[in-house]
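Please look over the sequence and the model below before reading on. The briefing that follows is meant to be read with both in view.

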Amino acid sequence: MIDRGAHYNRCDFQVHSPRDRQWVGANYVTDAERMAYATKLVEACREKSLKAIAITDHHDMAFIPFVKRAALAETDANGAPLPENQLLVVFPGIELTLAVPCQAILILDAEFEENRFGAVLTALAISPAPDTDAKTAQTERLENIQSLKALKGKLDEHTWLRDRYIVFPNVTGEGKFSLLRNGMMAKYKEMPFVGGYVDGTVSDLRAGPASILAGKDRAWGNKRVACIQTSDNRREDHVDLGKHTSWIKWAKPTAEALRQACLAQESRISHDEPRLPSVVISGISVSNSLFLGPIDLAFNPQYNALIGGRGTGKSTILEYLRWALCDQPPATDDPDAPNYQSRRSRLIENTLKPLGATVDVTFTVNNVTHVVRRDSKDGNLLVKIGQDEMRPCNEAEVRALLPVQAYSQKQLSDVSVRTDELARFIAAPIRMELAQ
């Protein structure tokens, strides 16, 4: 059961390697030396709670394969390989000095093929230093790229590269490498990219640049651009690593996911650590069902949607959840109102009980895992909290652990016209908070 949904990832997208000409630290030249440094870098990322980095040396990609291999080789405290969803994500990247003139960061899909790195540099007419050199070649401005629009056109000439990259121009205020300095309005307005990066924090931007990036300056085309904070780490002691980061939400680490995050920056990019709920339903497992068969679903801690046509089982899954968690909507004397509890009882009786099925719901409360298991044969309940063993419990205890608030479409429409449902709607979300 793997959650494939979108999650926030703490990112530093401007990380340099010992190949950088402004590197503060020792040189790493042989493959063994570079692998040793890459391992130290991955360890430092773990210590600083980074989930993703981009290696973005100036016009050079020689160090990226070593960092990617080091990330894949990371193990836990017992020496076991880390699960895929816990590995450090390493985006291949390049810091570009363009004739626009400005600097920009090119980031490729995390799974971009290493054997095409050289072709990417060739596509940009970059001649890197030999891989055996300690340092990159002296950075020369890419005079053949006079605009960011031209940069996209040059990259899109290659079908194997198209839609697998994203470009973040430098928008650090009005500095000499920034796209926001005086005289760059036309270049900014025609730019096809939807994100930019700052050296440092977005909060350090002055009112003028901040207004441009927010799309509130008509002279700059009312063009809105998302900002990514970066630390520009060039030190072997990693003092600057992760100093300025952004949390970006994606399901899969691709350039397109980063582009979508920029387009929906309010919900997918945060410059401070996002506050996530302390109580989360993380999964449901149904041993068998005459309607849906066995079910094993993992839920995202932030948002979930079940999408399907009529009769595909969306409401059934919701009702299995409600039944296992002992949700009891108030009864009603209204003869015209549907009897929800009778409907649910028939569902359990007809789809689970003939198979002797059980329903397990996993949820976390303040990072402690809980499991509730309900047996369709007799409705008996078991609960497991943390590392404890499964033990019998009653409905009141389950409702105290996780007071769910669930409504079918018809029930939700009843909320505003029935005082008992309205009281439940208001009280349920804050009951646990009040108790604490």
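Predicted model: local features only at pLDDT ≥ 70, side-chain atom pairs only at ≥ 80, totals over all residues.

Residues are numbered from 1 along each chain as its sequence is written, and side-chain values use heavy atoms, with hydrogens and water left out. The protein contains 13 helices and 15 strands, where helices (H or I, at least four residues) and strands (E, at least two) are DSSP runs numbered from the N terminus.

**Overall build**

- The C-alpha trace of the protein spans about 80 × 55 × 45 Å along its principal axes.
- Of its 436 residues, 48% count as buried, a term that stands for under 20% relative accessible area, with exposed set at over 50% and partly exposed in between (1.4 Å probe, protein chains only).
- Among the contacts (heavy atoms within 4.5 Å) with a separation of 6 or more, 69% come from residues 24 or more positions apart.
- The accessible surface comes to about 21700 Å², and 50% of it belongs to carbon and sulfur atoms; the areas come from the Shrake-Rupley method with a 1.4 Å probe, and for residues only the protein chains shown count as cover.
- The protein has 53 positive and 55 negative charges, whose mean positions are 4 Å apart; Lys and Arg count as positive and Asp and Glu as negative, without His and the chain ends, and each charge is placed at NZ of Lys, CZ of Arg, CG of Asp or CD of Glu.

**The seven-stranded sheet**

- Seven strands form an open sheet with mixed pairing, in the order β5-β4-β3-β2-β1-β8-β9, and two strands are taken to pair if DSSP finds at least two bridges between them.
- The edges are held by β5 (165-169) and β9 (269-270), each of which has a single partner strand, so one side of each is left without a neighbour in the sheet.
- Strands β2 and β3 run parallel and are joined by four bridges, and Ala54 has Phe91 as its bridge partner in β3.
- Strand β3 (residues 89-98) pairs with strand β4 (residues 102-108) in the antiparallel sense over six bridges, and a hairpin of three residues joins β3 to β4.
- Ile107 is the partner in β4 of Gly93, and Ile107 also has a bridge partner in β5, namely Ile166.
- The antiparallel strands β4 and β5 are joined by five bridges.

- The buried residues of α2 are Ile64, Pro65, Phe66, Val67, Lys68, Ala70 and Ala71, and their cover includes α1 (31-47), β2 (52-55), β3 and α3 (117-123).

- Tyr188 lies in helix α5 (residues 185-190) and is buried, with a relative accessible area of 0%.
- Leaving aside neighbours within four places in sequence, Tyr188 is in contact with Leu179, Leu180, Ile212, Leu213, Trp220, Lys223 and Val225.
- The side chain of Tyr188 reaches the backbone oxygen of Lys223 at 2.8 Å, which falls under polar contacts (N or O atoms within 3.5 Å; within protein, one able to donate a hydrogen and the other to accept it, and residues adjacent in sequence counting only if both atoms are side-chain atoms).
- Ser376 sits in the loop between β13 (368-375) and β14 (381-385) and is buried, with a relative accessible area of 5%.
- The side chain of Ser376 reaches two backbone oxygens, that of Ala357 at 2.7 Å and that of Leu352 at 3.4 Å.
- Not counting residues up to four places away in sequence, Ser376 touches Trp323, Ile348, Leu352, Lys353, Gly356 and Ala357.
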